[in-house]
Amino acid sequence: MTAPSPLIALCAGEASGDLLGAHLIEAIRARCPQARFTGIGGARMAKLGFESLYDQEKLAVRGFAEVVKRLPEILKIRKGLTADMLRLRPDVFVGIDAPDFNLAVEGRLKAAGIATVHYVSPSVWAWRRERVNSIVKQANRVLCLFPMEPQLYRDAGGRAEFVGHPMAQTLPLQADRAAARAKMKLDPQTPVFALLPGSRVSEIDYMAPVFFQTAALVLQRLPAARFLLPVATHATRVRLMEILAKDAYKRLPIQLMTTHTDLACTAADAVLVTSGTATLEVALCKRPMVISYKISPLTYAYVKRKIKVPHVGLPNILLGREAVPELLQGKAKPALLADALIKWYESPEAVAALENDFRELHLTLRKDTAALAAQNVLEEAGVAI
């Protein structure tokens with residue numbers, strides 16, 4: 001077994017990883033109070049005594065052009081972190097998400113005899129499934145958020161554990177729509193729709209005009225309708241306000257909200273959402289949705305060839321069927337999206353059945369994620385618990 005004060009290295013490259021890392025530190029400390037933590041992390045992890053060797057913000061880069069611009073700096077940090085870990089030789093290194101950065105570090109460290117864990121499996125079940133073979137060589141163990149993931153690694157000779165999805169822990173099992181509406185001062189009888197056009201400016205540019213045109217069509221058929229639009233970042237708020245200032249959209253009854261995505265979704269009769277993690281949040285809020293996505297034709301043709309699953313929305317993938325409509329690319333048209341939203345609004349029995357499906361899905365994903373992750377990390381570190 002390892003020393004009584006194990007050194008546990010973590011690398012979280014962005015805000016979501018910082019949150020997972022903070023929960024993991026707390027859960028490890030509950031089992032091993034003398035554990036020490038270092039690596040790369042953010043403010044939440046730092047508050048718990050984590051020593052970050054590099055500025056996490058320098059790794060929080062999104063978008064192809066921005067990555068290319070910052071690549072030399074990112075590669076320098078990765079090289080430096082690897083050297084630091086080879087010098088410090090932690091009892092275990094945990095790469096939290098950010099697979100392009102972390103897996104390369106994990107591979108070097110594992111080859112040098114340092115135990116490695118990758119926390120949050122890449123979407124290997126959806127595309128580039130061949131990555132599984134390289135990941136099992138880089139990580140001693142993979143911690144998975146979805147139940148269908150571990151078997152892929154086991155089939156390739158690796159170790160993987162399903163630890164549940166943290167969002168399923170934080171969101172209530174029973175969504176209270178009346179309370180959400182009361183909190184937002186929305187009349188219980190008002191038709192309310194949430195619009196989630198994406199968390200990145202590039203997604204906003206593609207999806208927001210389509211979503212706003214859809215809202216205009218819904219408003220023609222439901223004149224009392226109101227629309228809620230949670231905003232992820234300052235940059236997306238600025239871009240959304242620029243689009244909403246255009247003559248075609250400036251009179252739409254759209255309320256921008258600072259985050260509170262779960263509140264907006266819970267209050268809504270139905271949600272129009274861009275494909276991505278947000279679709280899972282909508283499902284865990286037990287609301288019907290219409291999933292849409294639109295990218296450049298060239299990118300879509302490439303991605304379509306690589307995708308290995310029949311659906312793109314996480315709720316549909318996890319339920320194994322098209323429980324909610326997916327209107328993508330050529331089908332991402334305002335008229336079709338408006339029809340699909342109003343169909344949910346006018347189909348209370350279908351909504352009730354979907355809520356039951358989403359409740360079962362919630363139960364499947366609801367584990368004590370941080371505690372399970374901590375147990376797996378400490379096992380790899382050789383700590384008796």
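Predicted model: local features only at pLDDT ≥ 70, side-chain atom pairs only at ≥ 80, totals over all residues.
Residues are numbered from 1 along each chain as its sequence is written, and side-chain values use heavy atoms, with hydrogens and water left out. Local features need pLDDT of at least 70 and side-chain atom pairs count only at pLDDT 80 or more, while totals for chains, interfaces and linings use all residues.

Helices (H or I, at least four residues) and strands (E, at least two) are DSSP runs, numbered from the N terminus. Two strands are taken to pair if DSSP finds at least two bridges between them. A sheet of 7 strands is open, with parallel pairing and the order 3-2-1-4-5-6-7. Strand 3 (51-52) and strand 7 (160-162) are the edge strands, each pairing on one side only. Strand 1 (residues 7-12) and strand 4 (residues 92-96) run parallel and are joined by 5 bridges; in this pair, Ile8 stands opposite Val92 of strand 4. Helix 17 (residues 369-381) packs on the sheet and touches strand 1, strand 4, strand 5 (116-119), strand 6 (141-144) and strand 7, where contact means heavy atoms within 4.5 Å. The direction of helix 17 makes about 180° with that of strand 6. Axes are lines fitted to C-alpha atoms, for helices over the stretch in contact, and angles run from 0 to 180 degrees between N-to-C directions.

Strand 1 also pairs with strand 2, in the parallel sense and over 5 bridges, and Leu7 stands opposite Arg36 in strand 2. Between strand 1 and strand 2 the chain passes through helix 1 (residues 15-31), in a right-handed β-α-β crossover. A crossover is right-handed if, with the strands pointing away from the viewer, the path from the first strand over the helix to the second runs clockwise. Of the 5 residues of strand 2 (residues 36-40), 4 are buried, so strand 2 is largely enclosed by the rest of the structure. Buried means under 20% relative accessible area, exposed over 50%, and partly exposed in between (1.4 Å probe, protein chains only). Strand 2 and strand 3 pair in the parallel sense over 2 bridges, with Gly39 opposite Ser52 in strand 3.

The other sheet described here is open, has 6 strands in the order 10-9-8-11-12-13, and shows parallel pairing. Strand 10 (254-258) and strand 13 (326-328) stand at its edges with a single partner strand each, so one side of each has no neighbour in the sheet. On average, neighbouring strands of this sheet are turned by 20° against each other, direction ignored.

Within this sheet, strand 11 (residues 270-274) pairs in the parallel sense with strand 12 (residues 289-293) over 4 bridges. Strand 8 is likewise joined to strand 11 by 4 bridges, and the two run parallel. Val273 of strand 11 stands opposite Leu196 and also opposite Ile291 in strand 12, while the bridge partner of Leu272 in strand 12 is Val290. In a regular strand the side chains alternate between the two faces of the sheet. In strand 11, Ala270, Leu272 and Thr274 point one way, Val271 and Val273 point the other way, and all are buried. Since 5 of the 5 residues of strand 11 are buried, it is largely enclosed by the rest of the structure.

Strand 11, helix 12 (residues 277-284) and strand 12 make up a right-handed β-α-β unit. Helix 12 is mostly covered, with 6 of its 8 residues buried; these are Thr279, Leu280, Glu281, Val282, Ala283 and Leu284. Just after helix 12, Lys286 takes a positive phi of about 65°.

Helix 9 (residues 201-221) lies across strand 8 (192-196), strand 9 (226-231), strand 10, strand 11 and strand 12, and runs at about 155° to strand 11. Helix 9 also packs against helix 10 (residues 234-244) at an angle of about 35°, with their axes 10 Å apart. Helix 9 contributes Val201, Ile204, Asp205, Ala208, Pro209 and Phe212 to this contact, and helix 10 contributes Ala235, Thr236, Arg239, Leu240, Ile243 and Leu244.

Positive phi values also occur in two loops. Asp97, in the loop between strand 4 and helix 4 (99-111), has a phi near 55° and is partly exposed, with a relative accessible area of 25%. Lys185, in the loop between helix 8 (177-183) and strand 8, has a positive phi of about 60° and is exposed, with a relative accessible area of 75%.
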